Amino acid sequence: MSDAPASFETVPGDPASPVILHMPHSSRHIPADVRAGIVLDDAALERELDHITDAHTAEIARAAAGLAGLTPWRFVNRTSRLVVDPERFPDEREEMTAVGMGAVYTRTTHREVLRSDGTDPEPLIERWFRPYARAMTEAVAGRLAATGRAVIIDVHSYPTEPLPYELHGQGPRPPVCLGTDGFHTSPKLLAAARDAFAPCGETGLDSPFGGTYVPLDFYGKRAEVGALMVEIRRDTYMSEPGGPAGPGLSRLAEALATLVDAVSG
């Protein structure tokens, strides 16, 4: 029996809230049977998790939800992105496949072997990726049915210095990077995010990471689904690469709560 449903969690918010805070990369958990297909030894795997995990982002979102006037919904990945990355395309549309980091990673952040060549991604996609995508689709559909719209705010982090896997690591690395989509990120949503995160330092657009996550059922089709990616530079709130959070976490949670409030009405 698959344990895939336990690999993610929908945390209910206020029935009137259109906002879903999405944390796809915050977990370090790798089930034992998936671990068996990863060639790194335990020490190397821990180092890779330090680099690849968006540490403490679930905590930032949880704190923000507690501060918001209208509690947002939260969708949290409870397994590591080394199991599957739910935000990648599972097919040839995914540009990160070029560095072995499509929906199922075969290479590490330093372009070393993570899974053996010839690994079939389909069992992992069927067991972990598709149930996640269906559940996120249902979460967005629920907000649309209840409020007439949905606002997906992805909460990510990124390292201060570029890692070898980054395809666009040569650009600016501001304290807060806002990833946007031409269809789903409205000027109003973007302006609200710039205002909300102004106390945290400079905000930039789509560098070093760009785009947003919208379930494919709605992507490019439903303008009532708004989306924004919030990428936080890790030195602003934690010790890198995989260390504890610092005082910056509270400031970021307050900023995120301000954004949630701005787009909830």
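**View 1. Strand β2 in the predicted model.** Strand β2 (residues 19-23) is largely enclosed by the rest of the structure, because five of its five residues are buried (under 20% relative accessible area, 1.4 Å probe, protein chains only). On one side lie V19, L21 and M23, and on the other I20 and H22, all of them buried. Strands are DSSP runs of E with at least two residues, and helices are runs of H or I with at least four, numbered from the N terminus. This is a predicted model, in which local features need pLDDT of at least 70, whereas linings use all residues. Residues are numbered from 1 along each chain as its sequence is written.

**View 2. Partners of β2.** Strands pair if DSSP finds at least two bridges between them. Four bridges join β2 to β4 in parallel, and I20 has I152 as its bridge partner in β4. Strand β3 (residues 73-77) also pairs with β2 in the parallel sense, over four bridges; here M23 is partnered by V76.

**View 3. The largest pocket.** This pocket holds about 940 Å³ of space. A pocket is an open set of points on a 1 Å grid over the protein atoms alone, where a 1.4 Å probe fits, with protein on both sides within 12 Å along at least five of seven lines; lining residues have an atom within 4 Å of a point. Among the 41 lining residues, E87, R88, F89, E94 and T212 are the closest to the centre. Helix α4 (122-147) gives the largest share of the lining, five residues.

How values were computed. Predicted model: local features only at pLDDT ≥ 70, side-chain atom pairs only at ≥ 80, totals over all residues. Heavy atoms only, no water. Points joined across faces, edges and corners; volume = space filled by probe spheres on them. Buried < 20%, exposed > 50% of the residue type's maximum accessible area, 1.4 Å probe, protein only.
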